[in-house]
Amino acid sequence: MAELPADEDRSFYALLGVSPGASDDEIKRAYRQLATTLHPDKVANTAHHDEAALLFTRIQEAYEVLSDPQKRDIYDVYGKEGLTAGLQLGDKLKSREELRAEWEAFQKQQKKEELEASVNYRGVYQFKIDATALVNPYAPHLARTPELTNIYMTSGLDVPLESRDWGWLASEQDVAHLGGLVNVRKNVGGGSFLAGYKRQFADYSSFEVHGAVGLRTLLSAQHTVQLSPESSASLVASWQPNAGVGLQFVSTRQLSPTVSGEYSWVVGPAESSGMSLGLTRRTEKLMLTGRLEVGAVTGLVCRAVRQLSSAATGRVAVKLTTAGIELDVGGNQRFSEVATAGCAVTVGLQGITLKLRYNRAGHLFEFPILLSSNPLHWPTLAGAYLLPPLLYLGGRDLVINPLKRGIAARRSRSERHKQAEVIRAALALSRSAAELMLPVARRRLDKEQRHGGLVVVLALYGEEAAVAEMAKEAPKRWAAAQAAAAAGGAPEPPADQRDAQQQQGQQGQQQGPQQQQQREPPAASEPGRQQAAADAQQRRGQQPGGEGGSDVPPAVADVTVAVQYMVESSKVAFHKGYPKSGLMGFCDPAPGAHKVLLVYFTFKGRPYRATISDSEGASLPARGAAVEEEAEAEMVLALATQLGAATGGSSAALSEAPSAASLVSVASGDAAWLTGDAGRG
């Protein structure tokens with residue numbers, strides 16, 4: 001027997017198939033079900049005795065930890081490392097004082113890390129570019145090089161201050177701000193030093209003061225009060241050397257669950273005085289904003305922002321003032337939790353401006369590019385609106401996405417090559433677990449069939465791209481297998497495998513009859529034929545999601561039996577918080593890759609499919625989507641019908657069910673239709 005793999009970094013919760021918040025009764029019930037299935041003394045097939053002993057030891061270890069409140073608390077905080085470092089199973093536990101000291105040290109370290117993470121770095125970096133000479137040159141003999149006309153940069157950081165020990169000066173939350181500003185236009189400009197301090201007196205009151213010295217000297221103070229749960233008010237006082245004292249009052253109120261209003265009154269200085277009234281309506285995917293301004297600047301500003309997808313937004317803004325009208329159209333795309341990019345086109349009295357933005361972790365880089373001083377220059381206007389989205393879509397679909405998929409595929413293949421032996425051992429152990437779980441899975445399958453419940457016909461877990469490719473090819477291979485079975489032959493293998501077989505045949509013709517006879521196994525019974533085919537397939541590496549060559553294991557594991565085993569009362573629950581590779585009967589066939597679980601099933605006689613991310617929580621049949629494609633639906637219904645024929649009837653008929661590697665079966669008794677091979681392990 002091959003050497004059994006060491007225990008992977010599996011979650012104890014995943015091994016028992018329970019959620020991290022499971023009760024003691026749920027943990028005990030899950031353990032008893034698995035223990036009944038995997039106990040070595042209850043294994044009928046002695047060939048799987050060692051695998052059963054290993055799996056039983058793992059679930060026993062998981063139950064020993066999760067059933068003990070103290071060990072479970074340590075495991076939830078520190079993981080397995082906390083148990084093995086100072087609290088090994090079976091060893092004497094540490095005293096309460098030692099545990100308290102460790103916990104306090106952990107809390108201090110955690111608080112330090114939180115304080116460091118709470119320091120907020122932010123900045124705005126704007127580079128204005130004049131590209132009118134490049135887009136629409138003034139004269140043929142003049143240079144067409146774009147000109148950098150203005151640089152504006154401001155950067156700062158907000159540092160939380162710990163002031164709870166300051167006596168009567170103590171506060172719940174204090175924040176200090178330090179920063180700088182640089183503004184250069186046509187090689188002329190300067191900079192300023194910025195500093196500020198904010199104190200939160202209570203949940204409803206705060207006070208902050210800010211100052212700037214340098215290019216622009218300013219001193220301001222602001223007091224904000226939460227008047228009620230729906231309204232707040234702010235009073236801002238400022239002073240500048242040449243402008244004097246200024247005063248501003250701002251009030252906001254929540255008018256309804258989706259509508260809020262804001263009123264602002266700037267008393268001084270005189271050149272900035274005025275009033276404004278704004279309304280904002282927010283829904284799940286739409287935000288509408290309108291603002292009317294009267295005073296130093298008189299005008300109306302309307303803005304609409306629409307969420308186009310989970311990562312993309314579009315916006316339209318119109319600004320109508322006494323000086324003219326300005327239209328701004330653009331959108332943003334979120335690439336990660338901290339990075340977004342955007343593009344907009346602004347048309348107004350200053351001309352046609354293309355604005356490119358990139359924001360990462362609070363730092364905004366903006367590049368306004370003036371394309372034309374004439375806002376009615378139609379060729380420039382059409383190019384500004386059409387070229388950026390076309391370039392983005394073309395670059396995303398033709399360059400970026402294929403490049404990302406290629407890099408991910410190469411990394412996955414390289415990782416599987418490095419860990420080939422570990423993956424093969426894990427796949428073998430998961431197949432052994434399926435063999436042990438099969439009798440219970442068959443009984444549950446029979447029960448679901450008789451009541452029209454949830455019947456799992458195929459479940460694949462592995463690398464997302466490999467699973468998607470197999471799902472795409474499954475109906476075609478099923479149809480080919482059915483046609484071959486009707487004709488009494490074997491299904492035609494895929495093109496790459498067919499070429500390899502032809503090459504092997506040509507090499508065989510060049511060898512002597514004795515060598516040819518050694519390569520062809522003698523005729524055997526059906527079980528022997530399946531075992532020989534499975535062994536040959538494992539040597540070649542031609543399993544679902546695998547590439548040719550024995551050096552790279554498959555990227556997809558068949559977990560049909562494991563998922564059917566999880567069915568209870570026509571429901572399957574996948575808990576969030578841990579990868580599904582830790583579930584009993586599962587393994588990790590593609591380390592480091594993004595993995596998904598694909599499940600084909602029937603419920604009340606209708607075909608469904610569900611694709612679930614690795615650590616995502618989901619429930620079947622609720623998560624399933626009806627299979628609309630005719631060939632795919634026919635495949636699912638036919639597999640369900642064959643499962644019913646294999647498991648229905650007396651208990652003796654259960655032994656005629658499909659092989660342990662998969663509950664899926666075709667007329668020939670194996671799942672060759674899925675892999676295009678002669679058999680399946």
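Colleague: Is aspartate 446 buried or exposed?

Modeller: Aspartate 446 counts as buried, at 12% relative accessibility. Buried means under 20% relative accessible area, exposed over 50%, and partly exposed in between, with a 1.4 Å probe and protein chains only. Keep in mind that this is a predicted model: local features need pLDDT of at least 70, side-chain atom pairs count only at pLDDT 80 or more, and totals for chains, interfaces and linings use all residues. Residues are numbered from 1 along each chain as its sequence is written, and side-chain values use heavy atoms, with hydrogens and water left out.

Colleague: Which residue does aspartate 446 form a salt bridge with?

Modeller: Arginine 450, with the closest N and O atoms 3.3 Å apart. A salt bridge here is a side-chain nitrogen of Lys or Arg within 4 Å of a carboxyl oxygen of Asp or Glu. Both residues lie in helix H9 (residues 420–450), four residues apart, about one turn of the helix. Arginine 450 is exposed, with a relative accessible area of 57%.

Colleague: And how are helices and strands assigned?

Modeller: They are DSSP runs numbered from the N terminus: H or I of at least four residues for helices, E of at least two for strands.

Colleague: OK, how many salt bridges does the structure hold?

Modeller: There are 13. One of them joins glutamate 147 to lysine 186, at 3.2 Å between the closest N and O atoms. Glutamate 147 is in strand S2 (residues 147–161) and lysine 186 is in the loop between strand S3 (173–185) and strand S4 (188–202), so this pair ties together parts 39 residues apart in sequence. Glutamate 147 is partly exposed at 38%, and lysine 186 is partly exposed at 47%.

Colleague: What about aspartate 328 and arginine 315, buried or exposed?

Modeller: Both are buried. Their side chains meet in a salt bridge at 3.4 Å, N to O. That pair links strand S14 (residues 324–334), which holds aspartate 328, to strand S13 (residues 312–321), which holds arginine 315, 13 residues apart.

Colleague: Switching to helices: at what angle do H2 and H9 cross?

Modeller: Roughly 115 degrees, and the axes of H2 (residues 24–38) and H9 come within 8 Å. The axes are lines fitted to C-alpha atoms over the stretch in contact, and angles run from 0 to 180 degrees between N-to-C directions. Gln33, Thr37 and Leu38 of H2 make the contact with Leu436, Met437, Val440 and Arg444 of H9, where contact means heavy atoms within 4.5 Å.

Colleague: Last one: how do S6 and S7 run?

Modeller: Antiparallel, with nine bridges joining S6 (residues 218–228) to S7 (residues 231–240). Two strands pair if DSSP finds at least two bridges between them. A hairpin of two residues connects S6 to S7, and serine 220 has serine 238 in S7 as its bridge partner. S7 also pairs with strand S8 (residues 244–254), again antiparallel, over ten bridges.
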